[in-house]
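Open the structure in your viewer and keep the selection tool at hand. The tour goes from a whole chain to single contacts.

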Amino acid sequence: MSIRFDNPDRPNSYIGRTVPRPNARRLVEGRGRYVDDIVLPRMLHAVFLRSPYAHARIQSINTEAARAAHGVRGVFTGADLAEHCTPWVAVLAHLKGLKSAPQHPIAVDRATWTGEAVAAVVADTRAQAEEAAALIEVDYEPLQPVTDMRTALDPETPVLHPDLGDNLTFQREHVSGDPAEVMRTAPVIVESRFKTGRHTGVCVEPRSILADYNRSEKQLTVYHSTQAPHMMQVVFAEHLGLPEGAVRVICGDVGGSFGIKVHVYPDEVATATISKILGRPVKFIADRLESFATDIHARDHEIDARMALDEDGRILALDIEDLTGIGPYSVYPRTSAIEGNQVVNLCGGPYDFANYRARTTVVLQNKSPTCQYRAVGHPIAAAVTEGMVDLAAEKLGLDPIEIRRRNLIADDAYPYTSPANMRFEGLSHHKSLNKLVEMMDYPALRAEQAALRENGVYRGIGIASFIELTNPSPFMYGIGGARISAQDGCTVRMDPDGSVVAMSGVTEQGQGTEAMLAQVTAEAVGVPVQRVRVITGDTQTTPYGGGTWASRGAGIGGEAALQAGRALRENILAVAGAMLQCAPETLDIVEGNIVDLGTDTERMPLSELGRVVYFRGDTLPKGLPRELVVTRHYITSDYPFAFTNGIQASYVEVDPETGFVKLLKHWCVEDCGRVINPQLVDEQIRGGIVQGIGGALYEESLYDTEGQLLNANMADYLVPMASEMPDMIIGHVETPTRESELGAKGAGEAGTAGAPAAVMNAINDAIRPLGGRVTSMPMTPERILRSIHHLPE
Amino acid sequence: MKASVAGYARAQSLGHAFDLLQSAQGEAVVIAGGQSLVASLNLRLSEEALLVDIRHLPELRGVVLHEGVLRLGALTRHAELAQAPLVAEHAPLLTQAAPLIAHAAIRSRGTLGGSLANADPAAELPACMIALAAEILVRSAGNERRIPADAFFEGLFTTALEEGEIIVAVDIPLKAAGDRHVIRELTRRSGDYAIVGLAGVKSVDGVRLAYFGVSDKPVLAAGAMTILNSGGSIEDAVSALQDDLDPESDPHASAEYRRHLAAVLLRRVLADMTNS
């Protein structure tokens, strides 16, 4: 039976409705349980001594005074832990040529970025451990750091890991068509350099782990603020020499992750290793300073782009040369080559053209490692692509909306394969564009802009189309050899009182996954949503799954819940048919009651069926299946990824005297397929836009030439704050994926993907009459002012 | 990081506070609202000191008219500054300045005396005191003295306060009819420390312009003031800022950008004074 999601009057119509989040009240009342809330008997606290040098040889470490300090239960160096934990090398087979060096939980003889752990202290309290860590004496021999990615491959630059031969960790070039020839002959060529600033995710809850190795059971239980419990189970097992079944990862409430918490962090593995050595629970909570220095960074790219067009403004070719610095190691196990790879995959993505060359060059350097952060590569690709489209529009005298109309892939062109070989099942660029133009009343806004400019007010409108990669198949990591599940499962169970428990392999990070699962399950089974309890984040109780990444929770986890819920419903109806002596096909479940199909006449509540099945099973026919627990799994197979699309617009005002930007309004129309909970989706988009604006205007992890991080605090590293954020108007076009019955694609990264491009184009639209153009992010007031020549160089 | 302090003592009276400071032999620090101090303790930028808590001393409170000046107790919170009718009437510069200080939670706890003693060069209140030609009243176990605001701030987090001295109040000359008070600052985000700020007071004696965020302490733009107070043009005053100010570069802004913004602010503050 197919549910007609478009009929709002259908029974149990939770899919498509804004339903309150089941965990909202608990979290608001302060009754959440984050890792730091968990206190175990005999628990110790770990603190890490971190390298003050970006690159230094560790000559010797004297831990004597620290060992003697009050409350200290152990001091560990890299060499100490190397005996208990094997190092890792973050490469994937499908990223050809990717190389990295073995990385240990604590640096063994060389520190390679400011903040890398060089020793650990565990003590009865965190304060005691900090006091003791200050007593450790490390004899460093400072080495020349590699900081500038532009010179990382020069012969004079030291090679970070001599065994690798050079500082080039990955390079990929993709060519389709004949871009060189088209660039030579095309009537219109535009070119520009773009820079996106290195920044990080800044989760409200910092990275947190509590590892508890129980010698009597030979089991390691890890309470972990993570996006991917099953992936971490594999990692702990493999590197600590334990069977996977002897490792249990439990992920309770998580205070935001944004991709930051989907990676293997050396200090977290060290914490688990120390717990195994000591046989005691050990807790490590990163403070804000170490979060800035050791959470993964991202987006450190410089891109040279060229675009060829015909006289009518049709894109003929695009050429992208991308350079990125990823720190001293590729990050385990997803690798740090993915972001550059995504730039190659995604540039030009919304547009219909044939000739494409893109190359990414990924180099090593002595800064914090970079890896996947919300909308991996998308904001970079969108900024470059949309910046080039606007540049072309300017050169051709075309309106930014018009040039996009001429180039966006037609809505009836699907299935479509892009010049980067990305396969699109069904996108809605033109519908989305039309809806955006209508929502923002584009002509009126242009008129207002022109009128104000007469008065010396410089406002700008920026448009940015984008695509977003969601619902990944094993093509993302699995084919490269990583034990990262692209499949996900859900177990749905009916208890005697007719209530339902859903256990899922996707995880809750604060984004509302559990609300989504409850809605889907309630509708699939036919019970009130309040009667569904959701359990996520426990490798020992939930079905095996991938967790939260690449916008997969609703599309993959939601479909598994839908299938499991429907299967349970069938099983319930089979029992009901036997009890009511009628064919199951004549019955239905509506709001927790067995009813006659069609008339909705109530026959009995599910609690009666539960009572009979669980306590008076003797009254049912012998041999009647009575399975009120069902598990289903789901994996995508027709397409490597379910791409979504959307378009954003930004309206800004630039103060030409100061370079300050005021964000006046922001619009986004996006198509994530089936919308399960409109409010949650809208807030995902808004939160994503804010994070995108952060990268566009505010956030940058600043290093000096010695590799010192200059702004590792919330006063100097600027995150976007509510006061400066514009009103955001969100609209939807729904093109469900035909791969699943639910039809949902991901929505978590769309806002971040397109926002920086929209804001950049808006700023440049505002300052164009002043002769200015900025393509370096963050677009600080000073950079803007310099571009309009109001500041001496 | 966890703060490392030698101890905490709540002063029962001002005399008790002096005794506590003396007993710690220089290893004590006064805490009131704690909005800067606690953050620095948590970064272990200052440690191993005895915290002497003066929050509960009534003699450090109050906003009153006293012998022809506006007297603000050292424990006056930023939120009180923003709302006090006497401040609005007699020193509206502070009414304007208070909402610019950090965020609501900080304004509810942070104190006037704390801000002045902390002497952050980018903070609003020290510059306001200089613009207002306020006097800072400080007391120690055996002495009381008054320090003119422009002599009080000596450098980065450094003041004329001596060991054992506590700020008890500030005295502010009353605004006369026709005087103009204006403060403007440029911050990346609401509540941030200013990249550049300017507090200006115009009275029959002329204009006083105190910049913040451009040096290691709040500074009077003496050259610009002289030009303006002798009938010179605004653009000549702007030119004089070149010598008045010597800002440095930091991750938030280059020195040139700060100079540029200082000029922009001067024009805007003077325009506000004319228009208000």
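What percentage of the 276 residues in chain B do buried residues make up? Select chain B of this predicted model. Buried residues make up 46% of its 276 residues.

Stay with chain B and colour by secondary structure. Now consider its contacts with a separation of 6 or more. Of these, 61% join residues 24 or more positions apart.

Next, move to chain A and select strands β4, β2 and β6. These three strands form an open sheet, in the order β4-β2-β6, with antiparallel pairing. Residues 110-111 (β4) and 137-142 (β6) of chain A are the edge strands; each has a single partner strand, so one side of each has no neighbour in the sheet. Zoom in on β2(A), residues 56-62. Two bridges join β2(A) to β4(A), and the two run antiparallel. Pick A:Ala56: its bridge partner in β4(A) is A:Ala111.

Last stop: select residues 553-580 and 606-615 of chain A. These are helices α15(A) and α16(A), packed at an angle of about 85° with their axes 11 Å apart. That angle makes α15(A) roughly perpendicular to α16(A). Show the side chains at the contact. From α15(A) come A:Ile572, A:Val575, A:Ala576 and A:Met579; from α16(A) come A:Leu609, A:Val612 and A:Val613. By class, this contact has seven nonpolar residues, no polar and no charged ones.

Key:
Residues numbered from 1 in each chain as written. Chains lettered and ligands numbered in written order. Predicted model: local features only at pLDDT ≥ 70, side-chain atom pairs only at ≥ 80, totals over all residues. Axes fitted to C-alpha atoms, helices over the stretch in contact; angles between N-to-C directions. Helix = DSSP H or I, 4+ residues; strand = E, 2+ residues; numbered from the N terminus. Parallel < 35°, antiparallel > 145°, perpendicular 65-115°, else oblique. Contact = placed C-beta atoms within 7 Å. Nonpolar A, V, L, I, M, F, W, Y, C, P; charged D, E, K, R; others polar. Buried ≥ 20, exposed ≤ 12 C-beta atoms within 10 Å, placed from the backbone. Pairing = 2+ DSSP bridges.
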